[in-house]
Amino acid sequence: MLPETQCVLLHSILITSFLLLSTTTITTTSAFKSGDLPTFREAPAFRNGVGCPKTTWSSSLSTKSHNPSIIHISMTLDTTYLRGSVAGVLSVLQHASCPENIVFHFLASHRRTDLHKTITTTFPYLNFHLYHFDTNLVRGKISSSIRRALDQPLNYARIYLADLLPNTVRRIIYFDSDLIVVDDVEKLWKIDLGTHVLGAPEYCHANFTHYFTEKFWSDPVFSREFKGRNPCYFNTGVMVIDVWRWREGRFTEKLEGWMKMQKRYRIYELGSLPPFLLVFAGDVKGVEHRWNQHGLGGDNLQGLCRDLHPGPVSLLHWSGKGKPWLRLDSKRPCPLDSLWAPYDLFRHASLFSDI
């Protein structure tokens, strides 16, 4: 007999599959050419449930018009991970009790017009905004890491969220593009940050020393950075951020400072994660682990299959080298990739070659 949490997951997947098959009209399309963006089926329209407050949001509203009933979510959009981003958006809407009260804030560095069209045609009813991330902001600040994907400028866009978002956004949930949500995101949105700037699931059993080089720990100037703190690892793919407190504390500048230090001294190996640990670890509002079942993509070098962590599941995150859409396409999926597949709206060319 399956554990209760896995039964909930399977039930969710069956419902999603039924909705997509029964409400989505598939039209003929030609296979996209090399270099073009992938194309997607149109997602069903998701409407608010009974009891949802009727509300609207505009970036032009007064900064005093913060409405906690509106959920703000940010993700990045690029060609490589677009398929994952679309699946993530669908999963959020599918499980939200008030999907019409969700506003997505997408960050992109290239092809914004094409990306805007893709989101509009895939989610015609979605309330979203698309912002340009200027890669010049990180020019000369990125150091090579153990995996090339971690070195892409857009991977650092989360550092500049507070600078890109309008002042009317007081709080934001940041999601990576390789995850799906299988619970009502409102539960995550409503966590009490207290005086903290950032909330995320923490993993205090992890060996914190592994996230920095020997040079870092052997240098008393660097190693004393954590003095008086009880630092724990947290994954930056799922974060709840108080944008106003972030701006007040000038945290973008603090993160940039560590990026510049890395260029000079090589004190870590994992892209944009270590600066967040250096600035926030030990001062993070802990969130239930169910909100980031991370590591499903395996490690950063081989991407081997992994199982779920013990406990309930609200979000599955394929952090690591292996991505579910690539493994599914190669006919070599990991068992848990089947949990991602029902949210995939990608139009496979083979489905239309005989039409």
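**Figure 1. Cysteine 232 is buried, with a relative accessible area of 5%.** Buried denotes a relative accessible area under 20%, exposed over 50%, and partly exposed the range in between, computed with a 1.4 Å probe on protein chains only. The structure is a predicted model, in which local features need pLDDT of at least 70 and side-chain atom pairs count only at pLDDT 80 or more, whereas totals for chains, interfaces and linings use all residues. Residues are numbered from 1 along each chain as its sequence is written, and side-chain values use heavy atoms, with hydrogens and water left out. Cysteine 232 forms a disulfide with cysteine 204, the sulfur atoms being 1.9 Å apart; a disulfide is a pair of cysteine sulfur atoms within 2.5 Å. The link is right-handed, with 100° about the S-S bond. It joins distant parts of the chain, 28 residues apart: cysteine 204 is in the loop between β7 (202-203) and α6 (214-218), and cysteine 232 in the loop between α7 (220-223) and β8 (233-234). Helices (H or I, at least four residues) and strands (E, at least two) are DSSP runs, numbered from the N terminus.

**Figure 2. Cysteine 52 and cysteine 98 form a disulfide with their sulfur atoms 2.0 Å apart.** The disulfide is left-handed because the torsion about its S-S bond is about -90°. The two residues are 46 apart in the chain, cysteine 52 in the loop between α1 (4-23) and β1 (71-76) and cysteine 98 in the loop between α2 and β2 (102-108). Cysteine 52 is buried at a relative accessible area of 14%, and cysteine 98 is buried at 15%.

**Figure 3. Cysteine 305 and cysteine 334 form a disulfide with their sulfur atoms 1.9 Å apart.** A torsion of about -85° about the S-S bond makes this disulfide left-handed. Cysteine 305 is in the loop between β10 (285-286) and β11 (315-317), while cysteine 334 is in the segment after α11 (324-329), 29 residues apart. Cysteine 305 is partly exposed, at 45% relative accessibility, whereas cysteine 334 is buried, at 5%. The whole structure holds three disulfides, and with the bonded cysteines numbered in sequence order the pairing is 1-2, 3-4, 5-6.

**Figure 4. The largest nonpolar core has 53 residues.** Such a core is a set of buried Ala, Val, Leu, Ile, Met, Phe, Trp, Tyr and Cys residues joined through side-chain atoms within 4.5 Å. The members that touch the most others are Ile73, Phe104, Phe106, Phe123, Leu126, Ile173 and Phe175. Helix α2 (residues 82-95) supplies the largest share of this core, with seven residues. Beyond its neighbours within four places in sequence, leucine 126 is in contact with Val89, Leu93, Phe104, Phe106 and Ile119, contact meaning heavy atoms within 4.5 Å. A second, separate core of 50 residues includes Val103, Tyr156, Ala157 and Phe251. In soluble globular proteins, nonpolar side chains tend to be buried together.

**Figure 5. Aromatic rings form pairs and a cluster.** Rings of Phe, Tyr and Trp (its six-membered ring) pair if their centres lie within 6.5 Å; planes under 30 degrees apart count as stacked, over 60 as edge-to-face and the rest as tilted. By this rule there are 25 aromatic pairs. The pair of tryptophan 246 and phenylalanine 251 is tilted, at 6.0 Å centre to centre and 55° between the planes, and both residues are buried. Tryptophan 325 and tryptophan 340 also form a tilted pair, at 5.6 Å centre to centre and 40° between the planes. Tryptophan 325 lies in helix α11 and tryptophan 340 in the segment after α11, so the pair ties together parts 15 residues apart in sequence. Tryptophan 325 and tryptophan 340 are both buried. One aromatic cluster includes Tyr203, Phe208, Trp217, Trp258 and Tyr265 among its members.

**Figure 6. Lysine 254 lies over the face of phenylalanine 251, at 4.4 Å from the ring centre.** A charge sits over a ring if NZ of Lys or CZ of Arg is within 6 Å of the ring centre and within 35 degrees of the ring normal. The charged end of arginine 171 sits over the ring of tryptophan 189, 5.9 Å from its centre.

**Figure 7. Arginine 111 and lysine 331 have a positive phi.** Arginine 111, with a phi of about 55°, is in the loop between β2 and α3 (112-122) and is partly exposed at 35% relative accessibility. Lysine 331, with a phi of about 65°, is in the segment after α11 and is exposed, with a relative accessible area of 70%.

**Figure 8. Residues 13-34 have pLDDT under 50.** The term pLDDT is the predictor's confidence in each residue, from 0 to 100. The model has 36 contacts beyond four places in sequence for residues 13-34. Where pLDDT is low, the predicted coordinates should not be read in detail. The protein has a mean pLDDT of 87, and 85% of its residues reach 70 or more.
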